Amino acid sequence: MADTREESEPLLSRARGGSGRDCPRGVPTCSSAQEGPGAMARRDLCLDQAVVLIEDAIQYRSINHRMDARSLWLYRWYYSSTSQWVLSFTIFVILALAFVETPSSLTRTSDVRYRPAPWEAPCGLTEGIEALCLLVFAADVSVKSYLIGWAQFRRNPWLLAYLVVLVVSLLDWIVSLSLVCQEPLRVRRLLRPFFLMQNSSMMKKTLKCIRRSLPEMASVALLLAVHLCLFTVFGMLLFTGEKDAGQDRERLTYFFNLPEALTTLLVLLTTANNPDVMIPVYSRNRAYAIFFIAYTLIGSLFLMNLMTAIIYNQFRGYLMVSLQTSLLRRRLGTRAAYKVLSSVTAEGEAHPERLGVKPEDFLQVLQKVQLDSDHKQAITEKVRSRSGGPLSTDEFQKLFDKFDKRVIKEHPPRPEYQSPFLRNTQFIFGHHYFDYLGNLMALGNLVTICVFLVLDAHVLPKDRDDFVLGILNCIFILYYLLEMVLKVFSLGPRGYLSYPSNVFDGLLTIVLLVLEISTLAVYGFPHRGWKPAMLGLLSLWDMTRLVNVLIVFRFLRILPSMKLMSLVASTILDLIKNMRAFGGILVVIYYVFAIIGISLFRGVIVAPRNSSLASDNGSAPCGSFEQLEYWPNNFDDFAAALVTLWDVMIVNNWQVFLDAFRRYAGPWSEVYFVLWWLVSSVIWVNLFLALILENFLHKWDRRSHLQPLTEELEDTSEMTEELPFRDVLEEPTEEELVEKLSRHPHLQLCR
């Protein structure tokens with residue numbers, strides 16, 4: 001390990017004059033040693049520091065880490081693509097163990113009536129894999145704590161929690177082995193999602209924002225609780241008539257006691273049991289509809305939407321705050337890199353940053369930076385196009401604006417043909433109108449498939465005559481092949497492959513051609529009464545279905561040609577890219593609730609023959625769990641638990657699950673499902689909706705304003721997610737950057 005004194009000493013010293021903090025005399029820094037092997041070592045150290053600082057700026061990472069030579073090597077190794085891939089794969093493996101561990105999900109079906117005995121991993125197999133994962137996490141927290149230093153580690157709650165989770169997981173792992181994997185509860189399974197959260201800064205920010213909005217959400221939840229309780233009491237008083245059969249039926253079915261009434265109206269808040277809950281009394285007296293309409297108006301249409309408004313208000317600035325923090329981190333990284341490189345330029349000067357950075361030093365650093373070749377080439381060309389002289393602060397900063405743009409690769413030149421006929425043919429089939437013709441043919445193919453699906457809706461697959469559809473599919477596939485060949489002729493092989501839409505079309509065309517040739521080779525050419533017996537792995541009907549599915553999938557090629565749809569599609573893709581953190585939060589809550597559900601309800605749903613509580617399908621009440629045959633929805637394994645939670649989150653017929661688990665497991669089970677509904681359907685779904693609204697509002701409302709900017713960039717680059725918001729982000733001030741750099745725990749800059 002490098003000398004600790006070297007790390008703590010200032011890297012940029014002041015030899016004479018100036019103001020601010022003086023560096024101790026005689027301290028060896030980037031600029032103090034001027035000759036000899038020590039000077040070269042110091043120069044290499046400064047260049048390595050600049051490389052790491054620039055990589056931090058590119059990836060929006062914090063620069064508060066150790067800066068000595070060995071720490072820089074370890075830091076770059078830790079953030080290399082290989083190390084990060086290993087860490088991500090380890091997180092995936094430890095989360096996926098839940099599918100293999102007892103109770104195993106390795107069965108074809110989760111239906112309790114048909115599910116065979118699953119394969120169970122022998123004791124020690126999954127525990128061995130888990131031990132390897134824990135070793136990787138132990139190495140991860142050790143490297144992180146070393147790189148940021150002990151002082152920073154003690155002030156970082158996430159790293160402290162990381163260490164605690166590892167210790168608890170290890171102790172629980174030891175208990176499992178000592179009990180030969182027969183322990184009733186594995187606490188460490190509940191802690192596994194933490195490894196996913198701590199590895200994502202965006203997920204940490206999302207949790208912080210959720211915590212910030214909890215007081216406002218709690219106030220609306222209190223209003224909902226008061227609303228629910230009041231109408232529950234009103235309902236129990238209204239539906240207790242002695243003579244009216246409708247009232248009595250309503251009371252016995254939905255308002256028999258207080259818990260039953262509360263559950264009924266809570267489900268009505270989601271409209272899942274509407275209008276079933278109203279029909280018994282409404283059929284006797286239409287005035288009773290006022291009660292249910294008033295309850296739904298106040299609860300579902302006012303209070304629930306108020307909850308959405310509050311969450312949106314709290315997260316309205318979430319994206320901007322996140323981008324603002326990212327911008328500050330980038331500016332800090334680039335400014336620190338500039339100061340380090342400027343110290344190499346002016347050895348022994350009082351204010352080296354005033355002299356600037358030598359272009360050759362910057363280009364040398366740029367070659368070591370982990371960056372895609374397109375951005376490297378763009379920045380290198382911009383530096384070499386300068387007139388000369390050192391780079392100033394502003395020039396250095398503008399170079400990194402290239403990172404805010406995705407460089408669009410130029411398409412290879414089209415082949416040049418000598419024959420006038422070939423040139424004319426190239427012009428015709430290389431024109432965008434030829435793409436429109438291909439889209440029209442794809443639409444026609446889809447229409448023919450839809451027509452035959454409608455005509456043959458009442459015909460069994462074995463009785464269908466696929467003669468006409470088989471002929472049409474052959475014709476369309478031959479056209480797709482001809483279209484691909486003509487485009488390759490017009491654009492050239494490299495030019496054809498440079499368009500993602502052409503790669504999509506070409507790949508599906510080849511697959512369709514192979515399937516069609518296989519069909520013709522096995523079942524012959526289509527003819528009247530074409531109903532051969534099954535030969536090989538797939539029947540003729542299966543082959544036809546597979547071809548039709550791929551043809552329908554190929555129809556997606558028309559989306560980029562429709563401006564409005566392409567805009568919506570691109571916006572949705574950007575949302576998916578930028579909302580991985582919220583998908584991660586969903587994975588975490590699903591994982592935790594699934595593990596809790598398995599611990600509480602495993603084995604409570606049993607096959608009808610094995611339980612007196614389970615009625616036969618014929619005698620079960622209409623709309624009940626048994627009558628609807630919801631037997632696959634259970635908590636007998638992890639995969640089944642995930643699907644059951646998904647069905648409840650959708651809240652369609654979730655009262656069926658409440659009723660079934662209340663009968664099979666007890667009334668306390670309703671607490672679990674109500675909590676899941678609050679966390680998933682109320683908080684997370686509303687959060688997701690708020691973020692979609694914010695992204696769409698920014699993207700759509702600002703597109704006309706940004707149109708000139710987009711037109712300027714379209715020849716060489718396209719905007720990243722940050723660039724459209726750049727004009728609403730505040731650039732950090734000079735004083736703010738200098739103040740934050742002066743407080744760097746390991747890079748002591750002298751002013």
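Author: Let us start with a charge and a ring. Arginine 66 lies over the face of tyrosine 146, 4.5 Å from the ring centre. Keep in mind that this is a predicted model.

Reader: Which ring does the charged end of arginine 61 sit over?

Author: That ring belongs to tyrosine 79. The charged end is 4.0 Å from the ring centre.

Reader: How do I read two rings together?

Author: A pair of aromatic rings is described by the distance of the centres and the angle of the planes. A search of the whole structure gives 44 aromatic pairs. Take tyrosine 75 and tyrosine 79, a tilted pair. Their centres are 4.9 Å apart, with 55 degrees between the planes.

Reader: Is tyrosine 75 buried or exposed?

Author: Tyrosine 75 counts as buried, because its relative accessibility is 4%. Tyrosine 79 has a relative accessible area of 29%, so it is partly exposed.

Reader: What does a stacked pair look like here?

Author: Look at phenylalanine 137 and phenylalanine 195.

Reader: Where in the chain do phenylalanine 137 and phenylalanine 195 lie?

Author: Phenylalanine 137 is in helix H5 (residues 125–148). Phenylalanine 195 is in helix H9 (residues 193–198). Phenylalanine 137 is buried, at 0% relative accessibility. Phenylalanine 195 is also buried, at 1%.

Reader: Which residues form an aromatic cluster?

Author: One cluster is made of Tyr590, Phe593, Phe601, Phe635, Phe661, Trp668, Tyr672, Phe673 and Trp676.

Reader: Now the overall fold. How many helices and strands does the protein chain have?

Author: The protein chain has 31 helices and two strands. It has 751 residues, and 46% of them count as buried. Next, take contacts between residues at least 6 apart in sequence. Of these, 74% join residues at least 24 apart.

Reader: What caps the N-terminal end of H10?

Author: Serine 200 does. One of its side-chain oxygens lies 3.2 Å from the backbone nitrogen of methionine 203.

Reader: Give me one more residue in H10.

Author: Leucine 230 lies in this helix. Its relative accessible area is 45%, so leucine 230 is partly exposed. Tyrosine 295 is 65 residues away along the chain, yet the two C-alpha atoms are separated by 9.9 Å.

Reader: What should I look for in the backbone?

Author: Look for exceptions. Most residues other than glycine have a negative phi, and most peptide bonds are trans. Here the peptide bond from threonine 102 to proline 103 is cis, with omega near 0 degrees. Proline 103 is in the loop between helix H4 (81–96) and H5. Another cis peptide bond joins asparagine 274 and proline 275, with omega about 5 degrees. Proline 275 is in the loop between helix H12 (258–269) and helix H13 (279–282).

Reader: Which residues show a positive phi?

Author: Glutamate 629 is one of them, with phi near 55 degrees. It is in the loop between helix H26 (580–601) and helix H27 (638–649). Glutamate 629 is partly exposed, at 38% relative accessible area. Valine 651 has phi near 60 degrees. It is in the loop between H27 and helix H28 (654–665). Valine 651 has a relative accessible area of 16%, so it is buried.

Reader: Last one. What does the side chain of threonine 334 make a polar contact with?

Author: With the side chain of glutamine 397, at 3.0 Å. Threonine 334 is in helix H15 (residues 318–345). It counts as buried, at 1% relative accessibility. Leaving aside neighbours within four places in sequence, threonine 334 is in contact with Ala57, Phe396, Gln397 and Phe400.

Conventions. Residues are numbered from 1 along each chain as its sequence is written. This is a predicted model: local features need pLDDT of at least 70, side-chain atom pairs count only at pLDDT 80 or more; totals for chains, interfaces and linings use all residues. Side-chain values use heavy atoms; hydrogens and water are left out. Rings of Phe, Tyr and Trp (its six-membered ring) pair if their centres lie within 6.5 Å; planes under 30 degrees apart count as stacked, over 60 as edge-to-face and the rest as tilted. Buried means under 20% relative accessible area, exposed over 50%, partly exposed in between (1.4 Å probe, protein chains only). Helices (H or I, at least four residues) and strands (E, at least two) are DSSP runs, numbered from the N terminus. A charge sits over a ring if NZ of Lys or CZ of Arg is within 6 Å of the ring centre and within 35 degrees of the ring normal. A polar contact is a pair of N or O atoms within 3.5 Å; within protein, one must be able to donate a hydrogen and the other to accept it, and residues adjacent in sequence count only if both atoms are side-chain atoms. Contact means heavy atoms within 4.5 Å.
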